[in-house]
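Please consider the following notes alongside the sequence and the model.

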Amino acid sequence: MQHDYTTRVIWTGNRGTGTRSYRGYDRTWNIAAKGKPVVACSNDPLLGGDPTKMNPEDLLISALSACHMLWYLHFAAEAGVVVLGYEDVPLAVGETGAGGAGRFLSCELRPQILLAAGADLVEAEAIHHRIHQVCYIALSVNFPISIRANFTVTSA
């Protein structure tokens, strides 16, 4: 089954003279989707972007992490593993080559997961290894993704 996804990407960096000169415009834009808040973006701060705004690299690793989290919660619910909290701080490693072309080399998801008392930790860990077979984003990227989960179990 095929699905369509669409957003609007609107460049906001015209300072009045467009791209007349390389340094004469900002690398900023908004992402808009019908019925959703606008997300203000910029390019990577390493390239002179605004560090207070999301950049494409932030968006990609956030999407990867969120997709993993949603599937984790789904599989946990099915397996009877009660998740009470989930927070991830993914770490992606990239490189920039000759001419400025860049790419991700890898991404490590590092979720901190709070489980209810009595949770099966073996099952809780095993769930992670099934997700890359179904996660839309993980199946769409061409770099390795690893998982280093940390579990905390509440006391009874």
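1. Helix H2 (residues 121-131) lies across E4, E7 and E9 and runs at about 145 degrees to E9. Helices (H or I, at least four residues) and strands (E, at least two) are DSSP runs numbered from the N terminus; angles, from 0 to 180 degrees, are taken between N-to-C directions of axes fitted to C-alpha atoms, for helices over the stretch in contact. Contact means heavy atoms within 4.5 Å.

2. The model is predicted: local features need pLDDT of at least 70, side-chain atom pairs count only at pLDDT 80 or more, and totals for chains, interfaces and linings use all residues. Residues are numbered from 1 along each chain as its sequence is written, and side-chain values use heavy atoms, with hydrogens and water left out.

3. The strands E4, E7 and E9 form, in that order, an open sheet of mixed pairing; two strands pair if DSSP finds at least two bridges between them. Strand E4 (83-87) and strand E9 (150-153) are at the edges with a single partner strand each, so one side of each has no neighbour in the sheet.

4. Strand E7 (residues 112-115) pairs with E9 in the parallel sense over four bridges. Leu-115 is placed opposite Val-153 in E9. Helix H1 (residues 56-79) also packs on this sheet, touching E4, E7 and E9, and its direction makes about 165 degrees with that of E4.

5. Overall, the protein chain has two helices and nine strands, in the order β-β-β-α-β-β-β-β-α-β-β from the N terminus. Its C-alpha atoms fill a box of roughly 65 × 40 × 35 Å along the principal axes.
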